[in-house]
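This briefing is for a reader who has not seen the structure before. Please look over the sequence and the model, then read the points below by topic.

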Amino acid sequence: MPVNSPPTDDTDAPGPGAKSPLSLEITGVSKSFGRFPALNDVSLQARDKEFLALLGPSGSGKTTLLRVLAGLERPDAGEVRFGGEDFLSLPVRQRRVGMVFQHYALFRHMTVAQNIAFGLKVRRRRERPSRSEVDDRVADLLSLVQLEDLGKRFPAQLSGGQRQRVALARALAIEPRMLLLDEPFGALDAQVRRELRRWLREVHDRAGVTTVFVTHDQEEALDLADRVAILKGGELIQLGTPNEVYENPADPFVYDFLGAACRLPGMVEGGRLTVADWEAKAPKDAPQGPVEVFFRPDEVSFAPGDGAGLAAEVKAVAARGPDVRIECLIEGRLFELEAHGPGAPAGVAPGLALRIKPMRPKVYPAPAPA
Amino acid sequence: MTVEARPISKTRLPGLAALLVLASAIVMAVLVLAPLFVVFGDAFSKGFSKYLASIRDPDAVAAVKLTLLVAAIAVPLNALFGIAAAWCIAKFEFRGKSALLTLIDLPFSMSPVVSGLVWVLLFGAQGWFGTWLIDHDVKIIFATTGLVLATILVTFPFVARELIPLMQDQGADEEAAALTLGASGLTAFWKITLPNIRWALLYGVLLCNARAMGEFGAVSVVSGHIRGLTTTLPLHVEVLYNDYDFVGAFAAASLLASLGLVTLVLKTTLEWRHAGELSANRRH
């Protein structure tokens with residue numbers, strides 16, 4: 001489906017249905033730069049037309065993986081197949097991947113229109129569209145990225161958000177088989193990021209390509225992607241839908257990385273979880289013995305000081321509309337909890353003694369003492 | 001409509017600074033402008049016709065032609081070497097990169113006489129390849145080839161030094177983008193790399209050319225001072241001066257001085273018009 005076709009509202013939404021075939025298969029890919037291992041035995045798959053996020057802190061290898069897919073880096077080991085084809089044996093120019101670079105990498109000496117037309121004009125003569133076809137295509141793409149009037153501008157004359165859209169249009173111009181985005185919103189301010197996020201998802205759905213996008217922003221990944229691959233230190237830690245990874249983080253790192261986290265030491269014995277003076281039923285498949293208990297600061301319920309739960313002493317309260325931020329001391333540690341509207345305890349004020357219950361605690365084995 | 005007054009201390013130089021500015025202006029006038037006046041003054045001291053005659057002297061014409069020939073070979077070659085070296089250094093990571101950078105700088109830190117002498121040691125009659133060259137009747141030292149080699153060595157860093165910081169600054173992302181869009185390496189170079197460095201390249205070539213035409217030390221060693229054959233313009237000046245032909249010497253020197261002035265004008269124009277596309281250290 002050409003990307004410049006009008007939006008269709010029929011039901012062939014290119015969601016990553018379980019039935020759609022695998023398009024991208026990465027198997028055992030490793031890559032090191034000198035003695036620094038950037039990727040270590042990474043394997044993952046993406047379905048056709050899937051929107052896959054590679055999420056991780058800096059140095060996690062996500063950008064290296066993206067560059068391996070583009071052909072800009074050669075892995076030391078492993079296999080990459082796309083649509084069944086051995087991708088690693090193809091040179092960059094034959095892979096037909098549309099890549100949007102972190103800093104856009106627009107050709108600074110060319111106008112916006114020339115930038116977008118570049119991929120068409122460098123084709124071999126017999127595959128090259130005629131000049132008027134190129135012009136039409138550029139016009140279509142400019143309207144897709146809502147920059148109709150800026151074709152004659154130079155990249156230096158555009159705002160960050162505009163440059164990002166030009167980079168996307170340029171990548172889409174070659175009708176890529178796969179779209180690769182490296183921190184596409186990294187250089188933009190928060191307001192523009194949010195606006196572009198939804199729009200990018202629409203462009204992906206309309207273009208009907210497999211998209212892999214790299215980000216260190218967990219909110220962005222969870223909000224946009226069909227599935228999220230979480231990397232750390234060059235290794236794949238977890239792969240799943242945003243809901244799966246958020247609800248069931250594979251380890252403390254993922255839990256911590258996906259949102260604000262509170263942690264306390266605890267103990268699991270005989271199906272019971274004990275944290276300080278609070279005891280509850282242990283979550284399913286919780287490890288036995290000393291554990292670390294994690295919970296989200298907004299997933300707690302409050303009870304009066306003589307009720308059941310973890311003893312907490314309120315240190316500070318900040319109300320913003322219906323939301324209340326409660327800073328309190330639990331087990332000698334300071335936590336910042338959040339309560340919304342009716343969930344907030346009545347009459348909460350500094351000095352008050354409360355009991356709190358984590359609603360959905362996650363339990364991981366306690367780290368071995370160093 | 002009024003512009004907010006700035007604190008005076010920021011706009012007015014304190015007394016000492018003004019004095020220093022004045023002092024350096026005087027020094028510049030004595031050291032730079034005065035010689036320039038002397039050169040042109042002495043060149044025209046015996047009248048315009050004498051000046052013209054000195055310049056039209058067959059040896060002078062031969063010197064000008066030789067200078068142009070040497071520059072015409074050395075400058076394009078060094079432009080190519082410079083682009084290649086800057087390309088490798090700026091766009092790729094490899095072992096020995098800093099060694100290569102140091103090597104590029106070597107001609108700057110070495111006396112030009114040494115740059116000339118190495119060729120004599122290699123290709124001179126007593127040099128490493130001397131006997132072989134004589135047996136095969138190849139003349140390098142005391143010939144145009146030697147002059148070109150010496151000039152290339154001395155002027156090697158100019159283009160490379162100009163391009164390396166700019167290309168490092170620009171990174172390799174644009175080329176990478178061109179490749180993903182289906183361009184070949186060569187296309188990426190012609191359509192992306194070269195246009196991005198064109199003004200800096202011109203700037204480097206300009207400086208390289210000025211040095212190539214003005215070089216004295218290195219070419220002096222390999223030239224042998226054969227009048228009309230191996231004397232470039234700077235060497236010609238020396239020869240005439242040693243002959244007490246002051247008008248001739250200063251007439252030839254005035255040509256070199258004019259070259260310097262033209263270079264200065266072009267260089268300033270480039271810095272002014274294309275500051276953004278020159279290396280960061282050239283931006284004003």
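Setting aside neighbours within four places in sequence, A:Ala53 has contacts with A:Phe213, A:Thr215, A:Ala221, A:Leu224, A:Ala225, A:Val228 and A:Ala229. The model is a predicted one.

**Contact between chains A and B**

- Where the two chains meet, 18 residues of chain A are in contact with 15 residues of chain B.
- On the side of chain A that touches chain B, at least two residues each are supplied by helix H2 (92–95), strand E6 (97–100) and helix H3 (112–121) of chain A.
- The residues on that side of chain A comprise 11 nonpolar, 3 polar and 4 charged.

**Domains of chain B**

- Chain B is assigned two domains: domain 1 covers 1–43 and domain 2 covers 46–282.
- Taken over C-alpha atoms, the centres of domain 1 and domain 2 of chain B are 32 Å apart.
- Contact between them involves 5 residues of domain 1 of chain B and 8 residues of domain 2 of chain B.
- The side of domain 1 of chain B that touches domain 2 of chain B is made up of 4 nonpolar residues, no polar residues and 1 charged residue.

**A sheet in chain A**

- An open sheet in chain A consists of 5 strands with antiparallel pairing, in the order E15-E19-E16-E17-E18.
- Strand E15 (300–304) and strand E18 (333–340) of chain A are at the edges and have a single partner strand each, so each has one side without a neighbour in the sheet.
- From one strand to the next, the twist averages 45°.
- Within chain A, strand E16 (residues 310–320) and strand E19 (residues 353–358) are paired in the antiparallel sense over 4 bridges.
- A:Glu313 has A:Ala353 as its bridge partner in E19(A).

Methods
Residues numbered from 1 in each chain as written. Chains lettered and ligands numbered in written order. Predicted model: local features only at pLDDT ≥ 70, side-chain atom pairs only at ≥ 80, totals over all residues. Domains from an automatic or database assignment. Contact = placed C-beta atoms within 7 Å. Nonpolar A, V, L, I, M, F, W, Y, C, P; charged D, E, K, R; others polar. Pairing = 2+ DSSP bridges. Axes fitted to C-alpha atoms, helices over the stretch in contact; angles between N-to-C directions.
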